[in-house]
Amino acid sequence: MMQSRQRDLYFLLLLILSGLLVSGVHPVDRTTWWLEVAPIIIVLPILFFSYRNFPLTPLSYRLLTLHALILCLGAHYTYAQVPLGFWLQDLFDFSRNNYDRIGHIAQGFIPAILAREILLRRSPLTEGKWLFFIVVCICLAISAFYEFIEWWVALLSEEAAA
């Protein structure tokens, strides 16, 4: 019989793969879809193959799954057109669809949890100001790099002219 933790991980993997599959069916913009799901496609095999030697906590796997699903939803509709964002816009009387902010919160918070876990387990760092500082720097670096990728894609595409 399969252990409970492994069963949970298979369920999370099934959620992510289902999210990728569903979001990839007739997305609003195929290029945007590829750009948004690229982190999932890159990280998923790394997590899969590193599980035996370096399993993460159940919390990290669940948060990464949530982040992947947020990316899949934004990839399918483009962030400005996600229905959940329009629902929030109506509910809170926002001036625009704020789904991108959900993505930005996830992009900051979830990698921070992951970076903290890895640093605590694989480096001499302990809880405290330096750990906090380095985790924040890692998250900012990842986000900045992704923004550079978006900028380079815009320059290479017709969007740069607009």
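At what angle do the axes of helix H1 (residues 4-23) and helix H2 (residues 30-50) cross, and within what distance do they come? In this predicted model, the two axes cross at roughly 155° and come within 11 Å. Angles over 145 degrees count as roughly antiparallel, so H1 and H2 are roughly antiparallel to each other. The crossing of H1 and H2 is left-handed. On the H1 side, the contact is made by Leu13, Ile16, Leu17, Leu20 and Ser23, while H2 contributes Trp33, Val37, Ile40 and Leu44.

The protein has 6 helices and 0 strands, and reading along the sequence gives the pattern α-α-α-α-α-α. The C-alpha atoms fill a box of roughly 50 × 45 × 35 Å, taken along the principal axes. Of the 162 residues, 33% count as buried. Among contacts in the protein with a separation of 6 or more, 59% come from residues 24 or more positions apart.

A second helix pair can be described in the same terms. Two packed helices are described by the angle between their axes and the distance between the axes. For helix H3 (residues 58-77) and helix H5 (residues 99-122), the axes cross at roughly 155° and come within 10 Å. That angle makes H3 roughly antiparallel to H5, and the crossing of H3 and H5 is left-handed. From H3, the residues that take part are Ser60, Leu63, Leu64, His67, Leu69, Ile70, Leu73 and Gly74. They meet Tyr99, Ile102, Gly103, Ala106, Gln107, Phe109, Ile110, Ile113, Leu114 and Glu117 in H5. The residues of the contact of H3 with H5 divide into 12 nonpolar, 5 polar and 1 charged.

Finally, the cysteines deserve a look. A disulfide calls for a pair of cysteine sulfur atoms within 2.5 Å, and by this rule the count comes to 0 disulfides. Is Cys139 buried or exposed? With a relative accessible area of 7%, Cys139 is buried, because buried means under 20% relative accessible area. Cys72 is buried as well, with a relative accessible area of 3%.

Methods
Residues are numbered from 1 along each chain as its sequence is written. This is a predicted model: local features need pLDDT of at least 70, side-chain atom pairs count only at pLDDT 80 or more; totals for chains, interfaces and linings use all residues. Side-chain values use heavy atoms; hydrogens and water are left out. Buried means under 20% relative accessible area, exposed over 50%, partly exposed in between (1.4 Å probe, protein chains only). Axes are lines fitted to C-alpha atoms, for helices over the stretch in contact, and angles run from 0 to 180 degrees between N-to-C directions. Helices (H or I, at least four residues) and strands (E, at least two) are DSSP runs, numbered from the N terminus. Angles under 35 degrees count as roughly parallel, over 145 as roughly antiparallel, 65 to 115 as roughly perpendicular and the rest as oblique. A crossing is left-handed if the near helix is turned anticlockwise from the far one by less than a right angle, and right-handed if clockwise. Contact means heavy atoms within 4.5 Å. Ala, Val, Leu, Ile, Met, Phe, Trp, Tyr, Cys and Pro count as nonpolar, Asp, Glu, Lys and Arg as charged, and the others, Gly among them, as polar.
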